[in-house]
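This report describes one protein chain, going from overall figures to single residues. Please look at the sequence and the 3D structure before reading on.

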Amino acid sequence: MATEETAGGARKATKSKLFEFLVHGVRPGMPSGARMPHQGAPMGPPGPPYGGSPAVRPGLPAPVMEPSRKRPAPSQQVQQQQQQQQQQQQQAVQNRARKKPVGFPGASEMPARQMDMREPQSDPTLGSNAKRRKMADKILPQRIRELVPESQAYMDLLAFERKLDQTIMRKRVDIQEALKRPMKQKRKLRLYISNTFNPARPDADDSDGSIASWELRVEGKLLDDPGKQKKKFSSFFKSLVIELDKDLYGPDNHLVEWHRTPTTQETDGFQVKRPGDVSVRCTLLLMLDYQPPQFKLDPRLARLLGIHTQTRSCIIQALWQYIKTNKLQDSHDKEYINCDKYFQQIFDCPRLKFSEIPQRLTNLLLPPDPIVINHVISVDPNDQKKTACYDIDVEVEDPLKSQMSSFLLSTANQQEIASLDNKIHETIESINQLKIQRDFMLSFSRDPKGYIQDWLKSQSRDLKLMTDVVGNPEEERRAAFYHEPWSQEAVSRYFYCKIQQRRQELEQALAVRNT
């Protein structure tokens, strides 16, 4: 479909331009092979980016802490409290890492550790467990845009992509709303009525050939049908009745009827064969199969609304238009209608509610009139090649409806668009990591000594939180630390906790023995 290919192609082209700009620095409209000149300091240190080697803290041996520095094994209740504290401390570390100033990296940002700082990439095949991408993740930070003025072209493409997505989404909603309404086209159905006459043959062996008979054919086709699947002739009708001359065929055999059922097999025409050697007058009654159903209005209501046969929704809409035009709605109670003389004749009441209209309208709606065709079945050999043709107006589904449905259900280009989206996100993450490396290198080059000291302090604070160490080890190793006023109370509390713990153990032991 042209609309589907256009929308998918536009989105795919936009994604491709975004990715091409991020990776190769190619501005839209530049010739192939051209690159944008980079200005300012280079983005990141010389050499390859950080690798993915395991994290190793520089200068630390394998045992991070001495066993004597750690707490003794606490009880189960104390362990739960410690786990809660650890979770809070880890959250605090994450919050601090987010608020860390530029040029002051934390534990995960040092190049000496050679840690792979890239977050795990999302895979479209992973489902709901994969990292969900957001539009905000594709925006370049302001500081990067200031360093590279050419990145404004990428932001322009991003704004165009957002506008394109909004336009496509709005069109999809419009199509969904349009599909809820019936979409019909008026077409011409050409009806062919012909007959053949088989005279009696005295030398015939079977009984059929020895008796004269005629055969009536009723066929038809849709004119200028562009659809790939041709609709069968019987699919346009709800019923077909052929009424023959009652004097010739009697009251019990003069009607030929066909009515649609849920199991009806569609056909391209109908055939009726009867014995006879004289011309027969017949009447064809064709009842069209309206979808949605249509009704014939009561003559009085039809003259008032100017509608002969229409769907229920169109009839109610015409009624409401008549009420508005003639200001029949009660000004004080909007739920009621004050009937004029015409409404009083039709509905037989001076006042009625809006909710009563569908019920009262049921008695005024009649089945639509059938199409009546009078035909003469001729047995004259000169009339055998004559065929009567009639054109009937029918309503068929608009072919645009199927195209609109296929557009909504189509998944063409979705995988390629998702792949380009992932590449754009990965490239933006890589740019952000290079920006962190650049800031680190610049800060380190300005004041190496001060930067290392600040970094060691930061690492020390992070180490305390990660290893659950309480206090300052540097102060605790000095004797003056234990002569401060709080030490007496701390010793008393420590012995009190030990005594309580020992008492609980003894009580549990005695309870086991008694049982």
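## Terms and basis

A residue is called buried when its relative accessible area is under 20%, exposed when that area is over 50%, and partly exposed in between, using a 1.4 Å probe and protein chains only. This is a predicted model, in which local features need pLDDT of at least 70 and side-chain atom pairs count only at pLDDT 80 or more, while totals for chains, interfaces and linings use all residues. Residues are numbered from 1 along each chain as its sequence is written, and side-chain values use heavy atoms, with hydrogens and water left out.

## The chain as a whole

The protein chain has 14 helices and 13 strands. Helices (H or I, at least four residues) and strands (E, at least two) are DSSP runs numbered from the N terminus. Of the chain's 515 residues, 31% count as buried. The accessible surface comes to about 34500 Å², and carbon and sulfur atoms account for 52% of it; accessible areas come from the Shrake-Rupley method with a 1.4 Å probe, and for residues only the protein chains shown count as cover.

A contact means heavy atoms within 4.5 Å. Among contacts between residues at least 6 apart in sequence, 71% join residues at least 24 apart.

## Salt bridges

How many salt bridges does the structure hold? There are 18 of them, each being a side-chain nitrogen of Lys or Arg within 4 Å of a carboxyl oxygen of Asp or Glu. One joins the side chains of Lys186 and Glu395, at 3.6 Å from N to O. This pair links distant parts of the chain, since Lys186 is in strand E1 (residues 184-198) and Glu395 is in strand E13 (residues 388-397), 209 residues apart. Lys186 is exposed, at 64% relative accessibility, while Glu395 is partly exposed, at 31%.

Asp268 and Lys232 form another salt bridge, with their closest N and O atoms 3.6 Å apart. Asp268 lies in the loop between strand E4 (255-259) and strand E5 (269-275), and Lys232 in the loop between strand E2 (213-222) and strand E3 (237-243), so the pair ties together parts 36 residues apart in sequence. Asp268 is partly exposed at 44% relative accessibility, and Lys232 is partly exposed at 36%. A further salt bridge, between Glu335 and Lys353, has an N to O distance of 3.9 Å. Glu335 lies in the loop between helix H7 (312-325) and strand E9 (336-338), and Lys353 in strand E10 (residues 351-353), so this pair ties together parts 18 residues apart in sequence. Salt bridges that share partners also join Lys138, Glu161 and Asp421 into one network.

## A sheet of 3 strands

An open sheet of 3 strands has the order E8-E7-E11 and antiparallel pairing. Strand E8 (309-311) and strand E11 (365-366) stand at the edges with a single partner strand each, so one side of each has no neighbour in the sheet. Two strands pair if DSSP finds at least two bridges between them. Strand E7 (residues 294-297) pairs with E8 over 3 bridges, in the antiparallel sense. Thr309 in E8 is the bridge partner of Lys296. Helix H7 packs on the sheet, touching E7, E8 and E11, and its direction makes about 100° with that of E8.

## Two crossing helices

Two packed helices are described by the angle between their axes and the distance between the axes. Axes are lines fitted to C-alpha atoms, for helices over the stretch in contact, and angles run from 0 to 180 degrees between N-to-C directions. The axes of helix H11 (residues 414-446) and helix H12 (residues 448-467) come within 5 Å and cross at roughly 120°. That makes H11 oblique to H12; angles under 35 degrees count as roughly parallel, over 145 as roughly antiparallel, 65 to 115 as roughly perpendicular and the rest as oblique. Residues that meet here include Phe440 and Phe444 in H11 and Tyr451 and Ile452 in H12.

## Backbone exceptions

Most residues other than glycine have a negative phi, and most peptide bonds are trans. Gln291 and Pro292 are joined by a cis peptide bond, with omega about 0°. Pro292 lies in the loop between strand E6 (280-288) and E7.

Lys327, which is not a glycine, has a positive phi of about 55°. Lys327 lies in the loop between H7 and E9 and is exposed, with a relative accessible area of 74%. Asp348, also not a glycine, has a positive phi of about 60°. Asp348 is placed in the loop between helix H8 (341-347) and E10, and counts as exposed at 66% relative accessibility.
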